Structures are given as C-alpha cells and as structure tokens.
Amino acid sequence: MRRHFAALNTALGQSTSEDLRTLGRKQVADDLQKAVKACIQQEYADSLAPAQAVVAAAWKTLQQDGWDHPAWREAYSFAQLCIAASHISLNDSRPTHPNDTMHMQPLPSSASVRSDDNSTSTKPHTDTATEASPPAQEAMQALDLASIMGAPPDFLAPVMSITEPLAQQQHQAKLSYQAGNHQCSSCAEVASQACPAPTCGQLNHSGQHNASRQCYISRHQIGNGQHIANAQDNSCMPQQASPAVCRVSCADLSLGLILSSVPQAMPQLDPDRTIARRSAAEMTAAEFKKQYWKTDTPVVISGAMDSWNAMREWPDLQWWNHNHGHRTIPVELGTDSTNSWKETTMLLHTFMTGYMQPSVSRQPGAEVAYIAQHPLFDQLPSLMSDLQQPELMGGEAMQMNAWIGTEGTVTPLHFDSYDNFLAQVAGFKFLRLYSRQQTPLLYVERGQATQSAMNATRAQKNISAVNVEHPDLKKHPGFAQAKHLECVLGPGDMLFIPAKVWHHVRSLSPAISGTDRPFNCISCMLPYTDHYE
C-alpha cells in the first residue's frame, strides 16, 4: 500500500492540497498531507485522526455549499482511503467476535471529529447500534463511501483487494454465528415458509397466473444441519447425518425468498398503446438496428437474458446477503408523493433484511426503498460476470446501473440523452413512454443551475412536473392530450428506450433491474421518426 499512496500523492495528492489552500482551506490541506504522509511511511494509525478531519470538513462543505471544486471530491476520496488503510492495519491486532455489530453510517469517522474551523462535527447514524465494528468492516465502509462519492475503482483497488475478502469473511462469520444460535421449525416447514403458495409463479403478459411455473428457493445449505430445503416437495434432503431440526437464523432464513411474487394489482394496458414485443431468438442484430434502433422505436425483447447467471442468482435475497451483505450502498427511502423522500447509506444486509424482505413477504407497513441508478457494477465488479453482452447490441461493451427496490418505487417522468436497455432480472415494472414530440404537453421543470442538487437536476430540463398516473389536469391541462406507449416488464424482459424518449417507471412488486448503456451510443445523432401518432 505504501507505493500506492506515494504514487497517488505525486500524481494527485499534492495538487489537491494546493487547490485546497487556494480555496482558503489551509487546515484541510495540511490534514490531508499529514494523513497521506503517514500512510506513505506505513504509520497508518497516525493517519486516522487527520483523515477523519478532512472527511468531516469535506462533508460539511458538501452539505452547506456543495463541492464547487474537484479538490473536495479528491480530498474526500484520499481521506477515506487513508481511513481504510488505518483500519485494515488494525485487523490482526484487534480481537473480534463473529457477532460484532456491523453498522454503516453516512459520515466518516468515530463519534466526533475535528474540522478545520475548530468546531466539532458529530455524524448522524443510519443504524442505532453503538458497538464497534470489526476493523475490516470499518475499512470496507470507508472504501464504499469513497466509491459512492465518485472515487474511481483503480484509485481504491490496492486497498480494496486486501479489505474486501476480510470484510466478507467477517460478515459470513457473523451469519454463521447467528444461524448456529437460533432454532427454527423443521425443514419441511422452513421450505413452505420460504416459498408460500400464494406468491409462487409468474404472471404472463396478459396478466394471468402461470400455474405451470413451480416456485423454488435457492438450494443453499441451512445452518449446522447441512440440509437443503426444497420448496417444490417441502422435504429435507440431508447431505450428511444431521439432527432432525435445522438450526437456522429465522431472520436470515426469510431471505431465501425468491422475487417471483405476483403483483397484487396489474395495470390494464390499452392494446392500441402497448409497446411491441419481439423474441430475441427470432430477430437478428441487423434487424433490430434497422427496425428499432435507427428509427428510435421502443421494443420489448424477450429471451435475450436467458443465459445470464443473474437470472438464477440475483432473485435470491439470501445470495445478495451472503455474498455482498457487508457492502455499503446508497438508498433512497420514501416517496415524493408522501413528502418522505430522503437519501442515506446502509449495509446491503440492512437493505435486504429491513426493506426488501418485508416487501417480498408483503408485511403491513413495509417501507419503500430503492437503490436507484447506482453504478453498483463499478462498486461490485464481480457482478459483471453474471451478465452477458446481448447479441442485439452487436457485442458492444455496456455501462450499467443497478435498480433494486421494493414494491411501489417510482421513477418520475424524464428522459435520458442516450439509449437505454432496461433489463428486468426479477419482479415486475410498469412503464409509460412519450416521444420527444410530446414534450410541449409534459410541463418540463425548469430549475436554476444553483448549488442545490435538485435545482441542478431540473436545470437539465429533462424532468416533467406531471404525476403521470395521477395527473392534476387543472394544473397541467395539456397533458390530457399527450400520447403514450406502455408495457409491463417481467423477469427476462428487456426494453429498448431510445435517447430523448420520456419514460415513467413504477415497480409493481419488489424488483431488480439493470440499465445497459452501450458505450458507443450514437442514436441521438440519427434522424428521429415519430411512432406515437
């Protein structure tokens, strides 16, 4: 790690510190250099306090004024890298227990840190636990927060390669410890609970239940009993001699649920406005480009994702918790319509157990939560191995974002300046699309380009003020004349959304999606043909 810090300091750290001094933040610049110098000298413990001070100052600046200079993002990333190195250096020296609390928080250090204006900043907690996390988990948190705030993967890679396997090991040890200290019901009961009959199966695209599709849960070993629960016959298949009762964690067992729940209410689609559907097996890449891509025509493509490992692994919440539950991710909570929307960070474990699982099991009062348009594949690059380049894209590389959320998440009407392929891995989503010719009827929000993140977004003039499914026609009378197309996406469907086409998205059930954006995206330069009239 020493060489990595030395190279980074030469390439970026010194200039970042100079920029901070130019901005009048000498104390922050001095703290950054202290932290980096300590890491170069492998005195990692000495880097912790100044690095925490830098993170606190950067975060305070972001909240008050925004980061109006790249030096702030660079300083924040550098400091979090130093914090990670400091914690990981303690991993072998600080004893840990499998049941150590593994909470994650949006601000950077322990309870109180010094900022450059000699004030004290206390970070808010996303979880209420107070015990210390294992060192590798603290290091993992720092790296994830840096990644969330824009640090490039290569910037974090050397420290990440040491930290990630240790943090995962500690997380899995905790899960094993919990599983070995709780007794649940018999394996037959476990299987029936993990796949309740009312939620099994899928809807076909006419909204009818497909009873021929059997429900299943992932065939993972459960606790010390070494059983495999099989939901298709509600039986236990012992892999070796074991007790009659499986020893499992009741809370974690529920994560075996598969995201195949039938939506409680399916929208009635207008046949005259339903987006065309094609089979990937019956369409060549040349046909797709000629009929849809070059003409900017939306189309639902089925069968293009059949070979993806993601289709078999990602619907299993337990898979996410076991492999990635130790990672910190950004989450949107609540909805705009209830004025309860906010952003926070939390462990993926917390997201799965506290939000996704209650939504899958339809618990009363389950909260709306969304990992929305997050570059999860940069943060967790191993996920890319679960995907394949669709042949219809001509083998072009993809730039992907993840969308993982509960039932009831809504992405308001907006457009993107590039082509999108919305790949539905699990669950169901309802979409309405409007061509760019409908823009005068969509009441575009026109915010000012200020430091406010919301205003900055609205200043791009790609967000509509209309609530598509519940429009206020007194406020937006012209919207009644807007013409649209619509569809429901289910597992294995991929929707081509051309550049500049407005789209509104609502999750009908808990859902996992990815947006695939080809790197060589040129459709926005092609002549546009309106197919909505």
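Residues are numbered from 1 along each chain as its sequence is written, and side-chain values use heavy atoms, with hydrogens and water left out. As this is a predicted model, local features need pLDDT of at least 70 and side-chain atom pairs count only at pLDDT 80 or more, while totals for chains, interfaces and linings use all residues.

**Around E486**

- E486 is buried, with a relative accessible area of 2%; buried means under 20% relative accessible area, exposed over 50%, and partly exposed in between, with a 1.4 Å probe and protein chains only.
- The side chains of E486 and R432 are joined by a polar contact of 3.0 Å. Such a contact is a pair of N or O atoms within 3.5 Å; within protein, one must be able to donate a hydrogen and the other to accept it, and residues adjacent in sequence count only if both atoms are side-chain atoms.
- Setting aside neighbours within four places in sequence, E486 is in contact (heavy atoms within 4.5 Å) with several residues, among them Q268, D270, R273, F430 and R432.

**The four-stranded sheet**

- Strand β17 belongs to an open sheet of four strands in the order β14-β19-β16-β17, with antiparallel pairing. Two strands pair if DSSP finds at least two bridges between them.
- The edges are taken by β14 (410–414) and β17 (485–489); each has a single partner strand, so one side of each is left without a neighbour in the sheet.
- On average, neighbouring strands of this sheet are turned by 15° against each other, direction ignored. The axes behind this angle are lines fitted to C-alpha atoms, for helices over the stretch in contact, and angles run from 0 to 180 degrees between N-to-C directions.
- Three bridges pair β14 with strand β19 (residues 502–507) in the antiparallel sense. Across them, H414 stands opposite H503 in β19, and V410 stands opposite R506 in β19.
- Strand β16 (residues 429–434) also pairs with β19, in the antiparallel sense and over six bridges. R432, the polar partner of E486, has H504 as its bridge partner in β19.
- Strand β19 is largely enclosed by the rest of the structure, because five of its six residues are buried.

**Strand β10 and its partners**

- Strand β10 (residues 328–333) has five of its six residues buried, so it is largely enclosed by the rest of the structure.
- On one pairing, β10 runs antiparallel to strand β11 (residues 342–347), joined by six bridges; here V331 has T344 in β11 as its bridge partner.
- On another, two bridges join β10 to strand β12 (residues 369–374), again antiparallel, and the partner of E332 in β12 is Y370.
- T328 is found in β10 and counts as buried at 0% relative accessibility. Its C-alpha atom is separated by 6.5 Å from that of T345, which is 17 residues apart along the chain.

**Backbone points to inspect**

- R362 sits in the loop between α12 (348–360) and β12. Its phi is near 55°, a positive value in a residue other than glycine, and R362 is partly exposed at 31% relative accessible area.
- Q373 has its place in strand β12. Its phi is also positive, near 50°, in a residue other than glycine, and Q373 is partly exposed at 39%.
- Q42, which follows helix α2, has a positive phi near 60°.

**Helix α2**

- Helix α2 (residues 26–40) has 15 residues and reaches 21 Å from its first C-alpha to its last, close to the 21 Å expected at 1.5 Å a residue. The expected span is 1.5 Å times one less than the number of residues.
- Buried residues of α2 include V28, L32, V36 and C39.

**The whole chain**

- The protein chain holds 14 helices and 20 strands.
- Of its 533 residues, 52% count as buried.
- Among contacts between residues at least 6 apart in sequence, 77% join residues at least 24 apart.
- The chain exposes about 23600 Å², of which carbon and sulfur atoms supply 49%. Accessible areas come from the Shrake-Rupley method with a 1.4 Å probe, and for residues only the protein chains shown count as cover.
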